[in-house]
Amino acid sequence: MGHGNSRQDCSSGDSADGSKPSRIRRLRRRLRLHSRRNSASHPQTSKILKEEDFAGIALIRIISAEMKFKDKWLACITLGEQTFRTHEKKLLLEKQGAHLARISVFETNRLSRNNLIGYCEVDLLEFLSQDCSSDTEVFDLLDPSSASTIVGHISISCCIEDPIETEKTFVRRILSIVDCNEDGELSLDEFSDLIDAFGNKLAAEKKEEIFKQADKNGDGVVSLDELATLLAIQNEKEPIINCCPVCGEVLEVSDGLNNMIHMTLCFDEGTGNQVMTGGFLTDKEASSGWMFKLSEWAHFSTFDIGLRSGSSASHILVYDRRKKRLVEEIIDRKIVLSMRAIYQSKFGLGLMDNGAKEILRSLSEKQGKKMDSVESAKEIPNFIEFFKDQINMDEVKYPLEQFKTFNEFFIRELKLGARPIAFVERDDIAVCAADCRLMAFNSVADSIRCWIKGRKFSIQGLLNEMCSSEFSNGALVIFRLAPQDYHRFHFPVSGTIEKFLELPGCLYTVNPIAVNSKYCNVFTENKRVVSIISTEHFGKVAFVAIGATMVGSINFSKKEGDYVRKGDEFGYFSFGGSTVICVFEKDSIRIDEDLLENSGRSLETLVSVGMQLGVSVKKQGN
């Protein structure tokens, strides 16, 4: 039963005077230790959610998987900015939030990095709204390199947990921790400790009365069902839980919805109820082997959101706008080490100033010629394999065998309709100019505070003689193209091309490791071409195409005087990473809030050509 030695077991180590608070502190510590065992943080519970936005708490389970290989495997579930290596997880669903869950399956036969072999994406809101007698469905596992190739099947169960069952489950987990002798029942002393841990002073004073109220059958102990009933009824009348017994966060008495969400998810991750490792940002991080974990422990590399400096520069995380989740940008680790050595130190940039710039330019030219050779075509399959899951060959206009050189593949065209243009008939809505990682700011001051750390950056330095006072105080949008991206850039607005200005310069990398370096001025020192587009709704827009390491050639398909429509192709970059920057006149555009919010966190947003960028706010006639 829940009395007798229950109290003796719990009270060991009390203060000398037998005072109660020390035991309560130990109980709370015990709850929190359970919480921290498997979870570092709970970002899902930190946001205040309105009742009309709440879609439910989904319980997703991976039942089984069938694949074409025999090795061991693990699965990761990703939703929004959280990833879990698990076969079962509770996820908070918001009507306007992330609801496209990705299930990634990895082959686990490697020491440092497990191999992604298949994935599927499940729209949880759509899945849960289906009129079906079963909660289980079988999904195709898709090849990361080609979404049209099936590599296996995975059986997934998903349901919205009943609120009553949620409360009962919650109580079971409380009991599993405070039930010292593990008999599934609470004595008055154990119940008193639990009430005290809830942080409600009024309830603490009335705990004997509450205990008798909960003890419906009068047997002197409170069973799971009795306590579940008490919590359900009492919290409707007069809440007795004022703070989360797991993490200690103070709960708003009047906010029953967010309290329920918080405690359900907090306890779900904290008690070891699931075979789960949580707190990851991406599936790549969750699938890493022990060698990466050793490098994290040594602070040699780390996953984090924000500016790319020091060890944070080892992994570049971006937010996928369409799928509403974090993804890791794939980049060769040897290149990362080289860039950190050069761009994150005075010594490295000193080498650049002492002649290395010319070497870099010469290397870029030689690499460009190599990529134009027939022999370079044999590198295409390796390139696709390295960037699998980030290059969709189903979108490419021509079959692979038609590309005779690597550069022909690098500047590949896409099928008609692969990049739909948002509100194509409305010229007062600007769109994204490239498949890229985007940063957007309302002013240069914002961009310098959150992203560009070169000490000499200015609009005057970027645009040169084409700069005007309107541009100096206007919005700034940076479109960074990585090597795996579709490398043709498009017009963000409709209008007439007034002029071009070619500015010679260096060929620094445009990777965030360099952009975030205080020692380097990438955008104002690199080779670039500035064009001015005159528009009806945005005034003048400066479009700056910036070359980078391995990019010696910027090619345009339009000329001065041409009238262009938003979404039309403007040109392309040859092999390498590269960047486009658009500068708008002051008070001419209201950039979409999600792009500004991510940029304010120093987090790039992964976007595609044609996605909405912002809306004109310029008064006509100005």
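The tour below starts with the whole chain and then moves to salt bridges, a helix and some cysteines.

**Stop 1: the whole protein.** Keep in mind as you look around that this is a predicted model. Color by secondary structure and you have 21 helices and 27 strands to explore. Of the 622 residues, 54% are buried. The accessible surface comes to about 28,000 Å², with 51% of that area belonging to carbon and sulfur atoms. If you display contacts between residues at least 6 apart in sequence, 72% of them join residues at least 24 apart.

**Stop 2: a bridge across the sequence.** The structure holds 22 salt bridges. Please select Arg325 and Glu121, which form one with their closest N and O atoms 2.7 Å apart. This pair links distant parts of the chain: Arg325 belongs to strand β13 (residues 325-329) and Glu121 to strand β6 (residues 115-123), 204 residues apart. Arg325 is buried, at a relative accessible area of 3%, whereas Glu121 is partly exposed, at 26%.

Stop 3: Next, select Glu385 and Lys388, whose side chains meet in a salt bridge of 3.5 Å, N to O. Glu385 is partly exposed at 46% relative accessibility, while Lys388 is buried at 14%. Then try Arg426, which is partly exposed with a relative accessible area of 39%; Arg426 bridges to Asp428, and the closest N and O atoms lie 2.9 Å apart.

**Stop 4: helix α21.** Which residues of α21 (residues 593-600) are buried? Highlight Leu595, Leu596, Asn598 and Ser599 to see them. They lie on the same side of α21, because they cover an arc of only 165 degrees around the axis. Now show what the buried residues of α21 pack against: strands β12 (316-320), β15 (436-441), β25 (589-591), β26 (604-607) and β27 (612-616), together with helix α16 (444-450).

**Stop 5: the cysteines.** How many disulfides does a search of the whole structure find? The count is zero. Cys159, for one, is in no disulfide, and the nearest cysteine sulfur, that of Cys158, is 6.5 Å away. Cys159 counts as buried at 19% relative accessibility. Finish at Cys76, which is also buried, with a relative accessible area of 0%.

Notes: Residues numbered from 1 in each chain as written. Predicted model: local features only at pLDDT ≥ 70, side-chain atom pairs only at ≥ 80, totals over all residues. Heavy atoms only, no water. Disulfide = S-S within 2.5 Å. Buried < 20%, exposed > 50% of the residue type's maximum accessible area, 1.4 Å probe, protein only. Helix = DSSP H or I, 4+ residues; strand = E, 2+ residues; numbered from the N terminus. Arc of directions from axis to C-beta. Contact = heavy atoms within 4.5 Å. Areas by Shrake-Rupley, 256 points an atom, 1.4 Å probe, with all protein chains shown as cover. Salt bridge = Lys/Arg side-chain N within 4 Å of Asp/Glu carboxyl O.
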